[in-house]
Structure formats: C-alpha cells, structure tokens
Amino acid sequence: MRASGILLPISSIPSNYGIGCFSKEAYEIVNQLVRAGQKYWQILPLGPTGYGDSPYQSFSTFAGNPYFIDPEVLINEGLLTEQECRSYDWGGSESYVDYEKVYQSRFLLLRKAFYRYDSSRDPEYDRFVRNNSHWLEDYCLYMAIKESQGGVSWIQWPRELRLRSPQALEQARRQLDEEIRFYRFQQYWFFKQWCWLKSYANNSGLKIIGDVPIYVAFDSADAWAQPELFQFDDENLPKGVAGCPPDAFSATGQLWGNPLYDWEYHEKTGYVWWTSRMKHCMEIYDMVRIDHFRGFDEYYSIPFGDETAENGHWEPGPGLALFDILKSRLPGMEVIAEDLGLLTDSVVQMVQDSGFPGMKVLQFAFDDTERSTYLPHNHVKNCVVYTGTHDNETTRGWFGNLNDHDLQFAQNYTDSADKGEEERVWALIRAAVSSVADLAVVPIQDYLCLGNEARMNEPSTLGNNWKWRLTRGQFDEKTVARIHDLMKLYGRLP
C-alpha cells in the first residue's frame, strides 16, 4: 500500500521550554500530519544525549531523553507551578535549541517535581520499575555515579566502579539512593508521556517510525553494565572502535569511537540482548529505521587510540542470522534498512534477502554517471524514498550548492529549470512522492522550502547540529493542504 510520512524530530517541535517535548504542540503536529494525508511520522532516536547533543550518542539504548518531558503535565499533576516553569532561562531563540540553557534549567525543574512526587501513591510507577528492571536499574545507577564523578565517562571512574566491583556498587547504591530515584522518576514520566502521545497518534491513524543506531555510545550504561557484549580487554578498554574508511568525502575516514560488538558472544547467547533491544523498540515505535545496516554484513574496526580511521580494517558481522532470529521472536517487526553509502554486492544481497525496504535518497541520485539506483525511474516498490535525511542539506540548500552538471541534470529531470527556488524544491518532492516506492518520507524543512539554516546535522562536525526547531505557525494550513493534495494526486492517502 502506498503511503507517505514526514521526518520531524521531537526536539524540533515548538514549545515554551527551549526544546520540543511531549506537549500540546506535539499533539497538534499529529493533527496536522493527519490532515496532510500522512500515515507515518518519522523521528530521531529518543535517548538521553550528552556531549555534542547527538541522539546517536546516547547514555542508554533503552532510556528516554528527560528534555522531552512536558513540564505542563507536571503542573497539571500538582508537581510544579506555572511560575516555576517560567522562572528558568530556556534560551533566547524559538528557532534553535540552546542545549546549555536547557541542560542548566531542565534538571533543576524536574528535581523540584521529583521532591513533590509520592511514588507510593502511584501503582503505575511500581509496575513501570518492575517491567523495565532489565535496563532501568543499571541506567539509573550509571547516571547517579556519573553525576557524583563530575560527569566524566565511566572509563575515568575509580577502578572498582569502572570494573563493577560488587562491594563498590552496593556502596554506591546506598550513598546515591536519592539520585538513583531521581533518574527513575525521569524515566517513568518520559515513557508515561511518550505512550500517551504515541497512543494519540495511533488512534488518529498515524504510525511512528523510530530510529535505531546500530552502535551504542562508549559513554553509556550499556557499555559499562554489560562489557561482555563488546570487544573489550580485561580492563574494559575497547580493542577496536567503529567508524568508516577514507573516501571521496573524508581523506582520513570517519572515527565514530563507538565500541564494537563481540558478535561471537552474541551468537552464543542466541542474540538475547538484541532481542531485548528490538522488543523494546517495537513497543515504543510502530516501525524502525536501523542505521548503518551494512555493519551487520561487515563492520569497520579501527584500533582504539588512533586519531583517524585510516588504519582500520573490515571484519565480518552476523549477517542475516541475527534478523532470522529477531523475526522469529518478534513477528510483525517492521524495519527500514539504512543501506546508504558505498555498498558491496554482499550488502546488497543481504538487504534483498532480509525483505526489509532499503532507502533511496534523491539528493544522492544526480551524479556524473546519470545511472544512479537512487533515480526514481530505477526504484522498486519495496523501498522508502526520501528527498534527504537528517544528515543531508535541506533540498533548497542542496540545489544551491550543486555543481553545474548535477544542477542541470536535476533540473532537467524534475522539469524545474525555469522555476524559482521554492518550486524547484517542490519539484523534487513531487519526484519522490510520484515514485513507485511504497513509502515516501520528506523532512518537514523541505515542505517549508527552508535553506541550510534549517539543516539538522552535518556529519563529522560539532557545535551547530541537532538545534533547528519549527516556530509557531511555520507549518501552516496552506502547506498542510498542499501536501494533502499532492498525496491524493499520487495515491498516497491513508
């Protein structure tokens, strides 16, 4: 069935609190997407973020970002007052997140609510703690110790804590009990509010596409609490880390720094951790995009301590064996395979054999060969077409930076040579939604014809990413109606 979706991170939703959250504005976004004829809302990872603010480098692969908790719900629960919520500095811009201001304010506000919350009078709280104990206790202990150690990564903690001495952990639990309960409180309200929003979306006919990074962050509860999952030595230091080799875009490659999985261990355990991870994802999303899918076929291993990715080498991943097990244990699991970049024949075959739809990004289609598989006339039904992703320029910015050949090719292909900038963007959107691809997803920045000031992320850079936000009224009813008409024209209405 043909369908369409819009890519819009939670952090980019308007709100009164410096960053998007599960507020009334998020519910209005759901209403607008439905009126625009959309069946899917794609978001970015929901995990708690640290240095660099990237949702792909989270303190936990299971936990949620406390920034997304709506303070107004806590006001209604009698845990906060409006005056308290207004008294903090959430940053001076409605268009961009000031992460430093949000960090300095959000936890102070949540701590006030925590002190007033009586979990003994809320039976749902105990149920949440029991049902999520397999990750929640390690995460809360990890964050409490991290806070007590000045926020440094666990690799810099005292050795007995770093290596999880039972006596040291028990002492930390006693000494940091209040802080542990504070982190439990955050997770309870995060998932309570997220489940409300997701249920509202689902009941409105809208499904949520979540995003699953293939790797976890080294500075995470996952890496600290379960070192056996990763390629660590006896001191729990990585033997190798993740990244990408040098290519035309980066002479020294990309050094991501994530710990690499010990796939032999995962196979011996029957992939129980991956089963738990994907089960969790399918409970909080309706479909997931798995990032860097080629890493399951082969992964790039860079020696730990290297400053570039130049000395890495390829190692075999688990292949389809992992997904055969996941499918058997999680029937109905819906996955989009992020199969972008330079792909080997074995990766292409693995994606095809998996049955999962791959991705076709139109901004990658218009190259010198003029024979790209990303061109709409080369698409197949079982794929997801995008104009661009969170890692790309906006389409307006992309058109402005194309070389002469590629610009001419793109304009000829989309019949937009003599059109203005905004209509040129809509021409590429039209090329996406008219494709035979079962699903077409467009970032909201492209529907609004915004330039690179609205770009979400520029890979391998720090400082200006993950900040862009919608302003109130920017996604107006005129745009909603135009999107709906386009979906109707190309048979993508729900």
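A pocket is, on a 1 Å grid over the protein atoms alone, an open set of points with protein on both sides within 12 Å along at least five of seven lines, whereas a cavity is a set of points where a 1.4 Å probe fits but cannot get out, and lining residues have an atom within 4 Å of a point. Grid points are joined across faces, edges and corners, and a volume is the space filled by probe spheres set on the points.

This is a predicted model, in which local features need pLDDT of at least 70 and side-chain atom pairs count only at pLDDT 80 or more, while totals for chains, interfaces and linings use all residues. Residues are numbered from 1 along each chain as its sequence is written, and side-chain values use heavy atoms, with hydrogens and water left out.

View A. Helices (H or I, at least four residues) and strands (E, at least two) are DSSP runs, numbered from the N terminus. Along its principal axes the C-alpha trace spans about 70 × 55 × 40 Å. Of the 494 residues, 57% count as buried, where buried means under 20% relative accessible area, exposed over 50%, and partly exposed in between (1.4 Å probe, protein chains only).

**View B. The second largest pocket, with a volume of about 620 Å³.** Its lining is formed by 26 residues, of which Thr49, Phe59, Tyr103, Phe107 and Glu147 lie nearest the centre of the pocket. Helix H4 (99-116), helix H6 (133-148) and helix H9 (177-203) are the elements that give two or more residues to this lining, and the largest share, six residues, comes from H4. By class, the lining has 13 nonpolar, eight polar and five charged residues, with Ala, Val, Leu, Ile, Met, Phe, Trp, Tyr, Cys and Pro counted as nonpolar, Asp, Glu, Lys and Arg as charged, and the others, Gly among them, as polar.

**View C. The largest cavity, with a volume of about 240 Å³.** Of the 25 residues that line this cavity, Pro45, Gly47, Ser60, Thr61 and Pro213 are the closest to its centre. The elements giving two or more residues to the lining are H9, strand S3 (207-212) and H12, with H12 providing the largest share, four residues. The lining divides into 16 nonpolar, seven polar and two charged residues.

View D. Most residues other than glycine have a negative phi.

**View E. Arg181 in helix H9.** With a relative accessible area of 34%, Arg181 is partly exposed. Arg181 touches Phe114 and Tyr125, not counting residues up to four places away in sequence, where contact means heavy atoms within 4.5 Å. The C-alpha atoms of Arg181 and Ala144, 37 residues apart along the chain, are separated by 9.1 Å.
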